[in-house]
Each structure stands twice: as C-alpha cells, then as structure tokens.
Amino acid sequence: METSQQITDKARELQARIAPQLDEARRNLSDLNSRVMTYIRQNPGTSLLAAVAAGFLIGKIASRRW
Amino acid sequence: MPETTQTKGVGNGADHRGIGERVEHINQSAHELWSEAQGAVTHLKETLDLQGRVERNPYGMILAAVGVGYLLGGGLFSRLTGNLVRLGLKVAALPYVKEELLHLAKGAIKNAGGGEHVGQVAAPAEPPKTV
C-alpha cells in the first residue's frame, strides 16, 4: 500500500513538474503556427516557390541516391 | 505592292508617311499582343485562384507545391516514392482489413457458438428433458 502511495505521489509530482512545460510548449507551437500561416498568407508567391524548390531538391536527392 | 509604287511615285515625304504608318501599325499590334497576354495571365490567375487557395488552406498548398517540385526534380520513379506509396496504400487499406477481420471473427464465433446471438447476451441453455 505504501508503495502504491509512493508511486501515486511520484506520478503527481512528475505531472506537476511537466504540466507547465507542456503548456508552454503548446503555447510556443501555437504561436509558431500562427506566425507561419500569417507569413504564408502575406507572401504566397515566395512560399510556394520556396516549397517547389525544396520539393525539387528532395526529388533530385531521392532520384540520385536510389 | 501597290503602296510601294504609290510612295515611289509621290516622293520622299510619302515614303516617310508609309514607314510611319507601318511603325504605328506594328506598335498597335504589339499593344494588342501585350493586352491579350495580360488578359490571358489574368484569366489564368482567376482560374487557378492561387491567392484564394493559399488563403483558405496554406499548409495544403505548400504541400502541393512540394509535391510538384518533387515530381519536377525527378523523384517520381525513386525508391522513396515506392516506399511512400506502399505506406499510403497500407494505411488506406487498414480500415477495410480491419472490417474484414471483424467480419471473419464474427463468422468464426457464430460457427463455434452456433448461435445468432453474436454481440448479444447468450440465452441460458435449457436443461435436457428427461423422459
């Protein structure tokens, strides 16, 4: 019983330690997502060209290596 | 050409006027061509509606652009494409396989139990009648 209580306490402690970090990570990701979407919407041509170039490079590498 | 003979007959000023007219004509044709090209580009832009599509679904359009670049880069007949297609097919076939397996399992249970009560609570068996 004591062991299960200890495990529960440790789990709670771990959750209390990790929860704020997870929240912060989620906030950061959400912020990054909104920034990326804003950039793409403001510069659609540049973003699409960059994506085509990236895909082209990936295709070149994939076709050369295999 | 009748115009040439006419200009020859009239003199130097008429020659200049003929050249001027031709230059004017070429200029007009160039303008028409330019406006037609602009119209075609505008029409293409309206048809594709890239701006609107990017506005509505930015990540999808970026992925589509990466795909176009990948194809242009010659990645279509590579092993990476084969692996990706195989993985995609497996993922797409997963629900059907699951459904088929469930169907088979239900059939097996029905055959083993001999009952139509699959998924229901089985009725208690009647005790054998003694004569």
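A nonpolar core is defined here as a set of buried Ala, Val, Leu, Ile, Met, Phe, Trp, Tyr and Cys residues joined through C-beta atoms within 7 Å. A residue counts as buried if 20 or more other C-beta atoms, placed from the backbone, lie within 10 Å of its own, as exposed if 12 or fewer do, and as partly exposed in between. The model is predicted: local features need pLDDT of at least 70 and side-chain atom pairs pLDDT 80 or more, whereas totals for chains, interfaces and linings use all residues. Residues are numbered from 1 along each chain as its sequence is written, and chains are lettered from A in the order in which they are written.

The largest nonpolar core comprises Ile40(A), Leu48(A), Ala51(A), Val52(A), Val54(B), Ile62(B), Ala65(B), Val66(B) and Tyr70(B), 9 residues in total. Ile62(B) is in contact (C-beta atoms within 7 Å) with Ile40(A), Ser47(A) and Ala51(A), residues up to four places away in sequence being excluded.

Chain B contains 5 helices and 0 strands, assigned as DSSP runs (H or I, at least four residues, for helices; E, at least two, for strands) and numbered from the N terminus. Of its 131 residues, 7% are buried. Helix α5(B), residues 79-113, has 35 residues and spans 48 Å between its first and last C-alpha, close to the expected 51 Å, which is 1.5 Å times one less than the number of residues. At Leu94(B) the helix α5(B) bends by about 40°, and Pro95(B) follows within four residues; the bend is the angle between axes fitted to the seven residues ending at a position and the seven starting there.

Key: Contact = placed C-beta atoms within 7 Å.
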